Amino acid sequence: SNSPWLDAMPLGLATSVTERLGAILKYGAMIPKKALTEANWNAAGAEGWQFTSKGPDGVREALSTMQRRALENNSLGITKPEIFGMTYVWLSSKKNTKELEPVRSVFRDHYLATMRAIPGELLFGEPVANAKFSTPATIARIANVDVRTFRNLLIGKGIITCAEHSDGEGGIGDTISHDLGISVANEMKEA
């Protein structure tokens with residue numbers, strides 16, 4: 001395949017990740033696997049190959065495209081399955097953990113670099129040790145401060161705007177730097 005990343009995988013895994021990414025990109029994140037015909041899977045494989053053939057960087061490009069499309073269709077409260085579709089369910093499974101790890105690690109690293117996470121939550125098979133981004137609600141819970149007061153402080157400091165107010169927990173909207181949020185929450189507790 002001329003892709004060392006794909007070539008290092010068993011053929012079935014390389015095919016599955018290519019087809020699943022392609023299916024989501026071509027038919028949308030919420031397409032049921034069973035709804036796809038053989039011709040759909042072939043088209044999905046061709047679509048996915050444009051990304052997986054480039055290795056992890058290509059997969060990250062596909063994931064960014066999925067995130068961008070999810071945001072265009074639904075601005076707040078987007079869940080992981082609504083972004084990553086059937087690949088999220090597949091990669092979150094407890095089956096074949098060792099075989100899936102090369103794919104899971106790319107998804108996990110990309111997710112943690114671009115989206116909010118909750119320390120301790122399972123993300124593509126592993127617990128999140130350190131979150132780069134979190135919601136104000138998650139940070140308030142971790143820091144044991146009142147979420148409304150914390151949000152108001154974040155708004156007052158210009159870290160979030162009133163328009164970003166959301167109580168959703170798994171999507172893209174209403175996301176702040178986890179470290180910055182913890183620092184502001186600690187300031188709040190000391191005041």
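Six aromatic pairs are counted in this predicted model, where rings of Phe, Tyr and Trp (its six-membered ring) pair if their centres lie within 6.5 Å, planes under 30 degrees apart counting as stacked, over 60 as edge-to-face and the rest as tilted. Because the model is predicted, local features need pLDDT of at least 70 and side-chain atom pairs count only at pLDDT 80 or more, while totals for chains, interfaces and linings use all residues. Residues are numbered from 1 along each chain as its sequence is written, and side-chain values use heavy atoms, with hydrogens and water left out.

**Aromatic cluster**
- The rings of Phe84 and Phe107 have centres 6.1 Å apart and planes at 70 degrees, so this pair is edge-to-face.
- That pair joins distant parts of the chain, with Phe84 in helix α5 and Phe107 in helix α6, 23 residues apart; helices (H or I, at least four residues) and strands (E, at least two) are DSSP runs numbered from the N terminus.
- Phe84 and Phe124 also form an edge-to-face pair, at 6.1 Å centre to centre and 70 degrees between the planes, and Phe124 lies in the loop between β1 and β2 (126–127), 40 residues from Phe84.
- Ring pairs link Phe84, Tyr88, Phe107, Tyr111 and Phe124 into a cluster.

**Nonpolar cores**
- The largest nonpolar core has 39 residues, of which Met66, Phe84, Val103, Phe107 and Phe124 touch the most other members; such a core is a set of buried Ala, Val, Leu, Ile, Met, Phe, Trp, Tyr and Cys residues joined through side-chain atoms within 4.5 Å.
- Helices α1, α2, α3, α4, α5 and α6 each supply at least two residues of this core, and α2 gives the most, with seven residues.
- Apart from it lies another core, of eleven residues, among them Ile139, Val145, Leu154 and Ala185.

**Helix α5**
- Helix α5 has 13 residues, yet its end C-alpha atoms are only 11 Å apart, short of the 18 Å that a straight helix would reach at 1.5 Å a residue, the expected span being 1.5 Å times one less than the number of residues.
- A kink of about 85 degrees in α5 is centred on Met86, the bend at a residue being the angle between axes fitted to the seven residues ending there and the seven starting there.

**Helix α4 and Gln67**
- Helix α4 (residues 56–73) has 18 residues and reaches 26 Å from its first C-alpha to its last, close to the 26 Å expected at 1.5 Å a residue.
- Gln67, placed in helix α4, is buried, with a relative accessible area of 8%; buried means under 20%, exposed over 50% and partly exposed in between (1.4 Å probe, protein chains only).
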